[in-house]
Amino acid sequence: MSNIPDNFKEKIISLCKRRGFIFQSSEIYGGLKSAYDYGPLGVELKRNLMNEWWKSMVHKREDVIGIDASIIMHSKVWESSGHLSGFSDPLVDCLISKERFRADKAPRPKIGDDLPINCNDKGQAKDYQKQIEDRFKIQLKRTGKILKGLKLIDKNTFGHFDDDNDIPTKTFEYRGYVGPTFGSPFLSDERQFNLMFRSQIGPVDVLGQITKYVEENRKLNSDDLRKGIDNLVKESAVYLRPETAQAMFVQFLNCQQTMSMKIPFGIAQMGKSFRNEITTEHFIFRSCEFEQMEMEFFVEPGSQKEWLEYWRDNRMKWWQKFANYPENFRYRKHEKDELAHYADACYDIEYKYPWGFDELEGVASRTDYDLKKHAENSGTKLSYFDQQKMDPNSGKNGWRYTPYVIEPAAGATRGLLVYLMDAYHEEIVKDASGKESTRVVMKLHPKLAPIKAAVLPLVKKEGLPEIARKIVDELFNSSINARYDEQHSIGKRYRRHDEAGTPYCITIDGQTKEDNTVTIRDRDSMKQERVDLKDIINIIQKKLSLS
Ligand code: GAP
């Protein structure tokens, strides 16, 4: 089932801005592509979501402990983990439009398909037509803003065909895909593009070093010069972490020993990760700076299958618990050829986004790959000794082994997008005179809702604001995030808090002064109940803990 409107992007992005959930980064300077700021409501929602994860993974379990590691780690960490050599996307340039894109995400037409080049307007079409003629010596036919005449012949070849002619006038090598925006098959070779953000640590004059190196090596060809400069920069290079996971491997021993943990046990961390993504997409779904919630669960070799299924189910239940539509979540088991180099099995927990099912969290069986690599490259024994167990190889008591690892790796900012989509509802409602209007309501789970209760004096006089402020103070003292709100009519205030996802509105009216009662309005049903003022904190507390 779905409540997501067709033009979700415009609607959700506009609500996020209107109500202070998410803003474009550096907006007053024209904005920074794919970078976002979490506003007054967004920061609360993100923290609530991450705190719920921490509670469920760390505070409510004896077998998981937490850490908060630095974002910049020793570059050897990324060498050992394989991120320096292998954490890259294949990058391609369209030779005509200069569009740069990811080869593995590009559209793949079928053999026999026409390959039209779809330009933005006639002027661009004329320009591209001329470029293609000059460079590839073929004359494409232009109809409005579309260039025609190219067709896919087989998996390695496309050709140019004049009108109804079956024989191509010229053929070209086909790469297996076309450019995503214009559909052009005229493409550069693929290059691997590392996704890690690189910086320099310490007072290093890298530009000075490069200048000197170039002056001293003028005779080198450009490939060798590039390699030399790369080696030079690497000496002082550091990287912003592309995943939170590696800290749990390199701090395995410290955590295990200081807390006397016995296997199976896990180490959890949540926080920022950075990837210089070529394709950033769908608002905050894929961005360059994002937050993750990851846990490495260390298990005995041989027990990984059972633990993988345990964590897959545990994590699925957790996501569904806060959703209005649990049926919009599903698992997908990775095919063998899809598995990362370190994994022997993996499930994705997927959500039904408006563009189809896509990843929300990966639950991977990471084998003993990372601990072994870090042990090998650091010279530190990253193993575990179980006195109670028999060594299966020697048959003697006491078994030393490198633990296997199950990793539930979730996106916190991606999770936030999922719950914003799940919460967004448009409903037709009637006012007292029967007039219909659309109510936009964010049915966020009360535990995630940024503001738990809004306190609204019906009018700004007759002592009602004073009573309201006293209630807000009491809610604050009970650690309930509340908000005093007296601006605009009561109807407008209810609508404002519907959009903010505030589950309860407490209204102080004329009757309050007569009999010490107030009304509590439920966001989803819009029903109001009148309760004693003295019971208000207990009632809200109970509603929040039951939800
Ligand atoms: N340690 C394993 C790991 O990082 P991943 O599948 O690359 O695995 C885990 O990332 C989760 O982090 C993803 O399921 C997704 O929710 C989130 N994530 C990854 N890249 C992201 C990006 N560029 N923007 C937002 N979230 C991202």
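## The largest pocket and its lining

In this predicted model, β20 (356-367) gives the most to the lining of the largest pocket, with eight residues. Helices and strands here are DSSP runs (H or I over at least four residues for helices, E over at least two for strands), numbered from the N terminus. A pocket is found on a 1 Å grid over the protein atoms alone: it is an open set of points with protein on both sides within 12 Å along at least five of seven lines, and its lining residues have an atom within 4 Å of a point.

How much space lies in the largest pocket? About 1500 Å³, where a volume is the space filled by probe spheres set on the grid points, which are joined across faces, edges and corners. The lining counts 48 residues, and Phe87, Arg275, His334, Tyr342 and Glu359 are the closest to the centre. At least two lining residues come from each of α4 (83-86), β5 (88-93), β17, β19 (345-353), β20, β23 and α12 (412-423). Sorted by class, the lining holds 16 nonpolar, twelve polar and 20 charged residues. In this sorting, Ala, Val, Leu, Ile, Met, Phe, Trp, Tyr, Cys and Pro are nonpolar, Asp, Glu, Lys and Arg are charged, and the others, Gly among them, are polar.

## The ligand in its place

The ligand takes up the space of the largest pocket; a molecule sits in a pocket if more than half of its atoms lie within 2 Å of the grid points. The elements that give two or more residues to the shell around the ligand are β17 (289-299), β20 and β23 (404-411). Of these, β20 gives the most, with five residues.

The ligand is surrounded by 20 residues, and the closest are Glu243, Glu277, Glu294, Glu359 and Leu360; a residue is near a molecule if one of its heavy atoms lies within 4 Å of it. The shell divides into six nonpolar, four polar and ten charged residues.

The side chain of Arg275 has an N or O atom 2.8 Å from a ligand oxygen. A polar backbone atom of Leu360 is 2.8 Å from an oxygen atom of the ligand, and for a polar backbone atom of Gly411 the distance is 3.1 Å. Taken alone, the ligand exposes 550 Å², and the protein buries 90% of that; these areas come from the Shrake-Rupley method with a 1.4 Å probe.

Two or more lining residues come from each of α4, β13 (191-194) and α7 (222-235), and α7 gives the most, with seven. By class, this lining has six nonpolar, four polar and seven charged residues.

A cavity is a set of grid points where a 1.4 Å probe fits but cannot get out. There is one cavity of 30 Å³ or more, and the largest cavity has a volume of about 30 Å³. Its lining includes Phe322, Asn324, Tyr419 and Lys443. The lining residues divide into five nonpolar, two polar and two charged.

## Two backbone details

Look next at two loops. A cis peptide bond, with omega of about 10°, joins Ile263 and Pro264. Pro264 lies in the loop between α9 (252-258) and β16 (265-274). Lys98, a residue other than glycine, has a positive phi near 70° and is placed in the loop between β5 and β6 (100-102).

## How to read the numbers

Residues are numbered from 1 along each chain as its sequence is written, and side-chain values use heavy atoms, with hydrogens and water left out. Since the model is predicted, local features need pLDDT of at least 70 and side-chain atom pairs count only at pLDDT 80 or more, while totals for chains, interfaces and linings use all residues.

Definitions and conventions:
Polar contact = N/O pair within 3.5 Å; in protein donor to acceptor, adjacent residues only side chain to side chain.
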